[in-house]
Amino acid sequence: MTSTGCSEDCRHASFRDPSGFLFRRDGVLYRQINSSYQSHYELLLNCGLYDELVRAGQMVPHDEAAIPAEVTDGAYRVIQPHELPFISYPYEWCFSQLKDAALLTLDVQKKALARGMVLKDASAYNVQMMDGHPVLIDTLSFEQYVEGRPWVAYRQFCQHFLAPLALMSRRDIRLGQLLRCYIDGIPLDLASRLLPKRTFLTFTLGLHIHAHARSQRRYADRPKQIRRARAGFSRRSFIGLIDSLESAVKKLTCPAVRGEWSDYYASQHNYAEEGLEKKEAVIEDLLADVPVGVVWDLGANTGRFSRIAQRRASLTVAWDVDPTCVELNYRQVLRDREEDLLPLWLDLTNPSGGTGWANVERMSFMRRGPVDTALALGLIHHIAIANNVPLDRIAAFLADLCRWLVIEFVPKEDSQVQRMLSTRQDIFNNYHAEGFQAAFNKRFTVEKIVPIDGIKRTIYLMKTRNGF
Amino acid sequence: MHRFLLAYIDPGTGSLIFQMLVAGALSALVVFKAIRLRIVYLFRAIFRLDPKDEADASEGNDIDPLASADVASTGDPAQPTETAGRDSPGAAP
C-alpha cells in the first residue's frame, strides 16, 4: 500500500483547460492533449523550453505514450507524465514553500518568454512539491507568445501567489489559510482591504495589489476599454512586469512569529536532549520490523522524528498545525537536500476538505490516504484534551488513515497535560492508559508497548484491524 | 471577440487594462535597471572587482534586462536567448 498521490481524482483536477486532461488507465497516469493545443505543444518541444525546464528540475518530465486517446473526439496525443508521489495544495504550504512556488512560476515565465512562449495560466495548483522543491506539473500551461499582448495570467498570479504571500508576510501568517476558501486565489480587493495601510506606500505591493485591485473595480464589465488602451504591451514591458513581480515576491519575508510550539523541544522538560535521543531510538526500533512505506507524521513539529522514520520510508509527509514549525522544517529540507521529506501545514482537528467543483477538484486530507505508517507522537493529549475529541473517535480516525501506527500516550500526570488542565475542568474520565487501550483495541491490534524511562509516557506500535 | 479575451482563464478586464496602463512605467523600469547594471559593470571593469561581488550587488538577478529584451525581440523561438543577456563579463558594454 502506498499513498494515493493522484488516484482517479486526477481527472477532477484537470477539467478546466480545453487543451487536455489527465486520466488513469490500468493504474497508469496519462495526459491527453487535444488538437487545439497541438501547435503550442510542438513549439514547447521544438523551441527547447521543455528540455531546459526538465533539465533544471523545474518541470515534471513526460514520455509520449502509444495508447489510444481517452476521448477520441479532438484528441491529438497522449503523454505519460512522471507520477508524483504525493499531491499537496497551496493552503498546506508554509510561507517559503509558497514563495518558492511563486519564484519558480516567474522563472519559468522568463525562460518561456526568451523562447517565444508564455504561461497562459499561473495557478498555484500547477505547482507541486517534488524531491524537496517545487516543480511545474502542467505541460499544457504554455502557449505561443504574441507580441503586444499582456500577460493573461497576471491576475491569477497576483491572486494565487502575491496576495497570500503579502498577507502572510505583512499582516498575519495564518491568512495563508484564505486559500482554502478561495480556490482561484485571494480576490485582490479583499487582499487590498486586509493589508496594512503602509503597504500602499511600497512600490511593488502598491502597484500589483492596491492599484491593480482598484483597476479591476474600475474597469470591470468594460471590455471596450481594452480596445482603447490597446497601445500595446511591448516585450520590454512584459519583462518589466515579470521583474517587478519577482522583486515584489523576493521582498516578502516570513514573519518571525514565534509559533506556539516552535521551541517545544527546547522548552518542555519532559524530554531533555537525552530523553529525545532515547525516544528516537525507540521509534527506530519499533519501525525496524514494519514495512514502513509512506509515512505521515501527524503533529511532526519541526520533523525530528519524521527524519527517523524517513530512514526506512519511501516518503515522509510531516504535518503540523504550526506554520512556523513547518517553515523551520522546510528550511531544513532545503538545507540538507532531503528529497523524500515533505513538511505540510495542517490542523488535524479541521483537516483539508474536498474543495472546488463538486467537492472533488482538490482532494481532502483523508482522500489522500490511507498510508502504510502513521506517527502520532506527543499528539493525543492535544486532540483529546485541548480539543475534546473522545479517544474512540481518535482511534477510528487513525484506523482509516494507516496500516501501522506508532502512537505515544501522554497521561494526565504529564506536565504538559497538567498545564492544559490547569485552566479548565477535567471532564476526561476515560483519559488514562486503560481507557486509551480499550478505545484503540477496537480498531487496532497492539504489537508492542514501550514505556519511556523517567517519564510516564508510553509508545505503542499498533496494526489496524481495517484489513488494508 | 477581441483576441485578448481568448484565454481559457478569465484574465480580468481590469487586469488587462491595468497592464497596458502601466506598460510605459514597466518598460522604463527595465531600461533603468539595465542602465544601473551597466554602470555597475563599468565600475567593476574600472576597479576590477570580483564578478561574484557584482552578482550580489545586482540582487541576485543575473539577467541584463535590456540585453534580453533586445535579443528576445528578434522573435525567433528557435534561437535560445537565455544566455544572451547573462551577466557575464562578455555581455558588458
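**Charges, a hairpin and backbone**

Biologist: Is A:Asp243 buried or exposed?

Modeller: A:Asp243 counts as buried, at 9% relative accessibility, where buried means under 20% relative accessible area, exposed over 50% and partly exposed in between, with a 1.4 Å probe and protein chains only. Bear in mind that this is a predicted model, in which local features need pLDDT of at least 70 and side-chain atom pairs count only at pLDDT 80 or more, while totals for chains, interfaces and linings use all residues. Residues are numbered from 1 along each chain as its sequence is written, chains are lettered from A and ligands numbered from 1 in the order in which they are written, and side-chain values use heavy atoms, with hydrogens and water left out.

Biologist: Which side chain does A:Asp243 meet in a salt bridge?

Modeller: The partner of A:Asp243 is A:Lys110, at 3.9 Å from N to O; a salt bridge here is a side-chain nitrogen of Lys or Arg within 4 Å of a carboxyl oxygen of Asp or Glu. The pair links distant parts of the chain, 133 residues apart, with A:Lys110 in helix α3 (residues 95–114) of chain A and A:Asp243 in helix α9 (residues 235–251) of chain A. Helices (H or I, at least four residues) and strands (E, at least two) are DSSP runs, numbered from the N terminus. A:Lys110 is buried as well, because its relative accessible area is 18%.

Biologist: What else is linked with that pair in a network?

Modeller: A:Glu246 and B:Lys33 join A:Lys110 and A:Asp243 in a network of salt bridges. The structure holds 27 salt bridges over all chains.

Biologist: How about A:Arg155, which residue does it form a salt bridge with?

Modeller: A:Arg155 forms one with A:Asp184, the closest N and O atoms being 3.4 Å apart. They lie 29 residues apart, A:Arg155 in helix α4 (residues 154–170) of chain A and A:Asp184 in the loop between α5 (178–181) and α6 of chain A. A:Arg155 counts as buried at 11% relative accessibility, whereas A:Asp184 is partly exposed at 31%.

Biologist: Changing topic, how do β6(A) and β7 of chain A pair?

Modeller: β6(A) and strand β7 (residues 133–136) of chain A pair in the antiparallel sense over four bridges, and strands count as paired if DSSP finds at least two bridges between them. The two form a hairpin with two residues between them, and A:Gln128 stands opposite A:Val135 in β7(A).

Biologist: Which way do the residues of β6 point?

Modeller: From strand β6 (residues 127–130) of chain A, A:Val127 and A:Met129 point one way and A:Gln128 and A:Met130 the other way, and all are buried. In a regular strand the side chains alternate between the two faces of the sheet.

Biologist: What is the phi of A:Asp131?

Modeller: A:Asp131, in the turn of that hairpin, has a positive phi of about 55° although it is not a glycine, and at 36% relative accessibility it counts as partly exposed. A:Ala358 likewise has a positive phi of about 55° without being a glycine; A:Ala358 is found in the loop between β11 and β12 of chain A and is exposed, with a relative accessible area of 54%.

Biologist: And which peptide bond is cis?

Modeller: The bond from A:Gly369 to A:Pro370 is cis, with omega near -5°, and A:Pro370 has its place in the loop between β11 (341–345) and β12 (371–376) of chain A.
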